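Here is a short briefing on one protein model. Keep the viewer open while reading.

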Amino acid sequence: MVALSPSTAPLTDGHGRRISYLRLSVTDRCDLRCRYCMAEDMTFLPKAEVLSIEEMARLAERFVARGIRRIRLTGGEPLVRRGIDILAKRLGALLGKGLDELTLTTNGMRLAEYASMLAEAGVRRVNVSLDTLDAAAFRHITRVGDLAVALRGVAAARGAGLSVKINMVALAGLNEDQLLPMLDWCAANGCDLTLIETMPLGEVEGDRSDHYVPLHQFVAPLRAERALFPVDKRTGGPARYFAIEDSPVTLGLITPLSDNFCATCNRIRLTVEGRVYMCLGQDDHVDLRTALRDGGDVDGLIDAALAGKPRAHDFQIERESKPAVARHMSATGG
Ligand code: SAM
Ligand code: SF4
């Protein structure tokens, strides 16, 4: 097969949106089983279908050459992937050479072990998922997690000089009482806080609509006590940000269901199988793994895929409605 020279043309989709943000899911595996994310007996991908660390690094480098300026490592749980340190260092070497930022989203279970490595690789900010500060509720939501371990992970990240943003999924009946304690805890521990509505991705046990709560309702007790002021903070993500009266915490709200945010979407997602998904909530994708392994036209595939990037997701979360897509969030990378 004739080797094609890599393209450096900037990535732009068929709706004129410039694509500058890559979410890289480095594994579909996880050491937790959060109820809204996975089934308890999840089956994971066989090894042959998973990109090696070298393959992921090569694809990421190709994306940076095409104008990707920010990469977030995610999963599954990125810190359970063997070789994550090698990948972080390899991508960290691109900082200042096209890449502006390397970040990571983690459940925090292994953060105490990896925080200094991440800081050394050039990571400056991490998102840690923490839905509650109640140890029993944490165990219930994650099925197997230990809250104390997650909190030690956050402390280690702060100790290594990383900024930490807590991701909290709003769950009716499971953590509605936790918003005010979480805000106070974030203020005391130097963290920001982003709230997320549950999205209908993949089958989980039970009916997801049982735990869906729109964020305006979840945030109502906070608004009753303190004023929120919109702040113009652009992170390239879907969150809207607010300053809170008498609090150092910046509050982010991600409302894919109650307030669609697709118009300014600047991101694509690369899964550990080597598929590029154009949208978290749609099935459109291209397979780069075969092209990468067989010396095929990776850039041509990326361009063809971008031309067809959907304008928007169409999530719905009604009782007994099917998930928008069969893929779990852990497969595409949240
Ligand atoms: N394991 C890491 C973690 O939990 O931070 C990274 C991957 S996880 C899929 C990324 C984020 O997606 C987490 O903040 C998690 O709470 C969120 N998430 C997972 N499933 C979701 C769903 N169905 N709806 C909304 N958020 C979800
Ligand atoms: Fe694992 Fe993250 Fe999904 Fe929880 S949300 S099961 S920690 S991938």
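The notes below go from the overall fold to single residues.

This is a predicted model. The protein has 10 helices and 12 strands. Of its 334 residues, 55% are buried. Among contacts with a separation of 6 or more, 73% link residues 24 or more positions apart.

- Strands of a sheet pair through backbone hydrogen bonds, and the pairing may be parallel or antiparallel.

**Strand pairs**

- Strand 3 (residues 101-106) and strand 4 (residues 125-129) run parallel and are joined by 3 bridges. Leu 104 has Val 126 in strand 4 as its bridge partner.
- Between these two strands, the chain passes through helix 3 (residues 111-121). This β-α-β crossover from strand 3 to strand 4 is right-handed.
- Strand 4 also pairs with strand 5 (residues 163-170), in the parallel sense, over 5 bridges. Here Ser 129 has Asn 167 in strand 5 as its bridge partner.
- Strand 8 (residues 240-244) and strand 9 (residues 250-254) run antiparallel, with 4 bridges between them. In this pair, Arg 240 stands opposite Leu 253 of strand 9.

**Helices 6 and 7**

- From helix 6, the contact uses Leu 179, Leu 180 and Leu 183. From helix 7, it uses Phe 218, Val 219, Leu 222 and Glu 225.
- What classes of residue make up the contact of helix 6 with helix 7? There are 6 nonpolar residues, no polar ones and 1 charged.

**Around ligand 2**

- The residues around ligand 2 are Cys 30, Leu 32, Arg 33, Cys 34, Cys 37, Met 38, Gly 76 and Asn 107.
- By class, this shell has 5 nonpolar, 2 polar and 1 charged residues.

- Most residues other than glycine have a negative phi.
- Arg 143 sits in the loop between helix 4 (135-142) and helix 5 (147-159).
- Is Arg 143 buried or exposed? Its relative accessible area is 13%, under the 20% cut-off, so Arg 143 counts as buried.
- Asp 246 lies in the loop between strand 8 and strand 9.
- The relative accessible area of Asp 246 is 73%, over the 50% cut-off, so Asp 246 counts as exposed.

- Ser 20 is found in the segment before strand 1 (21-25). With a relative accessible area of 19%, under the 20% cut-off, Ser 20 counts as buried.
- Not counting residues up to four places away in sequence, Ser 20 touches Gly 67, Ile 68, Arg 69, Arg 70 and Asn 266.
- Ala 305 lies in helix 9 (residues 298-307). Ala 305 is buried, with a relative accessible area of 9%.
- Which residues does Ala 305 contact, leaving aside neighbours within four places in sequence? They are Met 278 and Val 286.
- Met 278 is 27 residues from Ala 305 along the chain, and their C-alpha atoms are separated by 7.3 Å.

Methods
Residues numbered from 1 in each chain as written. Chains lettered and ligands numbered in written order. Predicted model: local features only at pLDDT ≥ 70, side-chain atom pairs only at ≥ 80, totals over all residues. Heavy atoms only, no water. Near = heavy atom within 4 Å. Nonpolar A, V, L, I, M, F, W, Y, C, P; charged D, E, K, R; others polar. Pairing = 2+ DSSP bridges. Right-handed = clockwise from strand over helix to strand, strands pointing away. Contact = heavy atoms within 4.5 Å. Buried < 20%, exposed > 50% of the residue type's maximum accessible area, 1.4 Å probe, protein only.
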